[in-house]
Amino acid sequence: MLITRKIEFSAAHVCRNPQLNDEQNRLLYGAAANPHGHGHNYVVEVSLRGEPDPATGMVLDLKDLKAILNREIVEPYDHRFLNYEAPPFDRIPPTAENIAREIWRRIEPHLRMPRSRLDSVRVYETPDLYVDYFGEPGSGDETCSA
Ligand SMILES: [Zn+2]
């Protein structure tokens, strides 16, 4: 069974690779490389895969999930300029792809529950564009076999 919780945060970013110069960034990212940045209302959907506990009927306690997502995503990112205020985006471009991967990295250790595990992180940068991330194959993220 998949259970999904949606959260939102608003943040500014500039799509810029610090390894490249201004001209190279403009060629690569177009207007999104404007150094003054621009904002998005990001929507994040975090899905967990698991089996409901026979006693509670729940895969996990949704209050716990909400607290983790607020602490690990909303608090560090909401109303921030990601490139300047939310590492590692001072070093890597805060694209939707990299944001999805970083959110996975931040929350996955907290979601190794007895009856569930993190399945995917979906990041909407706009209503028309989203990225799904399922962790790295073979990294051990998929199962908690230990
Ligand atoms: Zn953007």
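Visitor: Phe9 and Tyr77: buried or exposed?

Guide: Phe9 is buried, and Tyr77 is buried too. Buried means under 20% relative accessible area, exposed over 50%, partly exposed in between (1.4 Å probe, protein chains only). This is a predicted model: local features need pLDDT of at least 70, side-chain atom pairs count only at pLDDT 80 or more, and totals for chains, interfaces and linings use all residues. Residues are numbered from 1 along each chain as its sequence is written, and side-chain values use heavy atoms, without hydrogens and water.

Visitor: Why does Phe81 count as buried?

Guide: Its relative accessibility is 19%. The limit is under 20%, so Phe81 counts as buried.

Visitor: What makes Tyr84 exposed?

Guide: Tyr84 has a relative accessible area of 62%. That is over 50%, so Tyr84 is exposed.

Visitor: How many aromatic pairs does the structure hold?

Guide: It holds 6. Rings of Phe, Tyr and Trp (its six-membered ring) pair if their centres lie within 6.5 Å; planes under 30 degrees apart count as stacked, over 60 as edge-to-face and the rest as tilted. One of the pairs is Phe9 and Tyr77, with 5.4 Å centre to centre and 50° between the planes.

Visitor: Why is the pair of Phe81 and Tyr84 called edge-to-face?

Guide: The planes of Phe81 and Tyr84 stand at 75°, with 4.7 Å centre to centre. The angle is over 60, so the pair is edge-to-face.

Visitor: Which residues do ring pairs link into a cluster?

Guide: Phe9, Tyr42, Tyr77 and Phe89.
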